[in-house]
Amino acid sequence: MKSKPGSSGNISLRRGGIADGSMAGIYEPRGPRTQKSLARESQSHRRPSTKDRPPSNRILATLPPAEYERLQSYLRLVPLKRGKVLWEPNQPIDSVYFPNSGMISLVAVMANGKTVEVGMTGRHGFVGTPVLLGVQSAPFRAVVQIEGYAFQIQSDVLCKILAETPRLEAMLRRYVHVLAMRAAQAVACNCLHKIGERLSCFLAISRHIAGSDSLPFTQEFLAEMLGCRRSSVTPEISSLKSAGAIRCNRGRVYVVNRGELERRACECYETVRRLSDPFRAS
Ligand SMILES: [Zn+2]
C-alpha cells in the first residue's frame, strides 16, 4: 500500500503478480433473498481464481487486448479489506486501484474529525483520478467500505504507460468526468431531497456498485455517510424495513426487495446508476 514510487526513468519498477479476472462482483437479478442466502452471499467475495477471465473491472475488461497486455505485467491483485485506507487527505497517491469487487468511498474529513461521503467507486471505475490530472494528492480520504479485490498499479508507472495506451487514457479521462458529474448530482441531492429518499438512494447505489445485496452498513455509518444525525436515519431505516425493502442484522443491511428500495429513492439513483457504468462492452 505504501510502496514508494520508483525513479522517473525506470518503468519496470515492480511487476506485480497478475491474477484475477473474477466475475465474483457481478450480480444477476434474482428474486427476494432469504436471510440465510443473503448471509451466504456476504461470504462470496472470496479470493478470485487466476483461471477466471476477463477482469470484472469494466475499464480493464473493455480494453483492446494489446493495451491490456501492455498494462498487465504491472498490475498486482490486492485484497480490499474493509476499513483499509488507500490514501489520507493531502498525502501522496502512490497507487491507482481498479476494483474487481467491493466498494471504495472518498470521504471528506473535517477539522473536528467528522466525515461525509463525497464519492464512491466499484467495479465500474478506478480510484486515483487526481493522478490522471497530474495532481499527486487530494483533500479526501479513500477508504474501503465493502471488501473485495482490486488491481493495483503504481501511479507513476500508469502515467508512463498511458502514452502507449490511448484507449485506456480515454476511458480514464471519461471516468474523471463521470465522478465530477456524480459529485454535482450529490450537491443537488443534498440540497433538494429528503433524508429518506437519500438513504434509499445511497443503499441502491451501493448495491449497484458493489454488486451485492449484503451491505456492511450500520445505522451510525449511514448517518455519517449522509451527513446527518443517527436519530434522523433510524426512523427511515424502520420505514424501509416495514415496507419489506431491507432487513438489518448484525451490522449489515440486506436488500430483500430491490424494486421497493429503488421506488423510494430519489431520482438521483437513476442518474447516478446510468453514469456509473459508461464502459459496458459492446
Ligand atoms: Zn437525490
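Predicted model: local features only at pLDDT ≥ 70, side-chain atom pairs only at ≥ 80, totals over all residues.
**Entry 1, the four-stranded sheet.** I traced the strand order and found an open sheet running E2-E6-E4-E5, with antiparallel pairing. Strand E2, at 85-87, and strand E5, at 115-121, are the edges with a single partner strand each, so one side of each has no neighbour in the sheet. From one strand to the next I noted a twist that averages 35°. I then looked at the contact between E4, residues 103-109, and E5, where six bridges join the two antiparallel strands; within this pairing, Val107 has Glu117 of E5 as its bridge partner.

**Entry 2, the three-stranded sheet.** Here I read the order as E1-E7-E3, again an open sheet with antiparallel pairing. Strand E1 (76-80) and strand E3 (95-99) are its edge strands, each pairing on one side only. Neighbouring strands are turned by 40° against each other on average, when direction is ignored. Between E3 and E7, the latter spanning residues 148-154, I found five bridges in an antiparallel arrangement, and I noted that Tyr97 stands opposite Gln152 in E7.

Which residues of H8 are buried? In this helix, residues 219-226, I found Leu222, Ala223, Met225 and Leu226 to be buried. Viewed down the axis of H8, its buried residues fall within an arc of 165°, and therefore they line one face of the helix. I next looked up what covers these buried residues, and the cover includes E5, helix H7 (195-210) and helix H9 (230-242). Last, I checked what follows H8 and found Gly227, with a positive phi near 70°.

Key:
Residues numbered from 1 in each chain as written. Pairing = 2+ DSSP bridges. Axes fitted to C-alpha atoms, helices over the stretch in contact; angles between N-to-C directions. Buried ≥ 20, exposed ≤ 12 C-beta atoms within 10 Å, placed from the backbone. Arc of directions from axis to C-beta. Contact = placed C-beta atoms within 7 Å.
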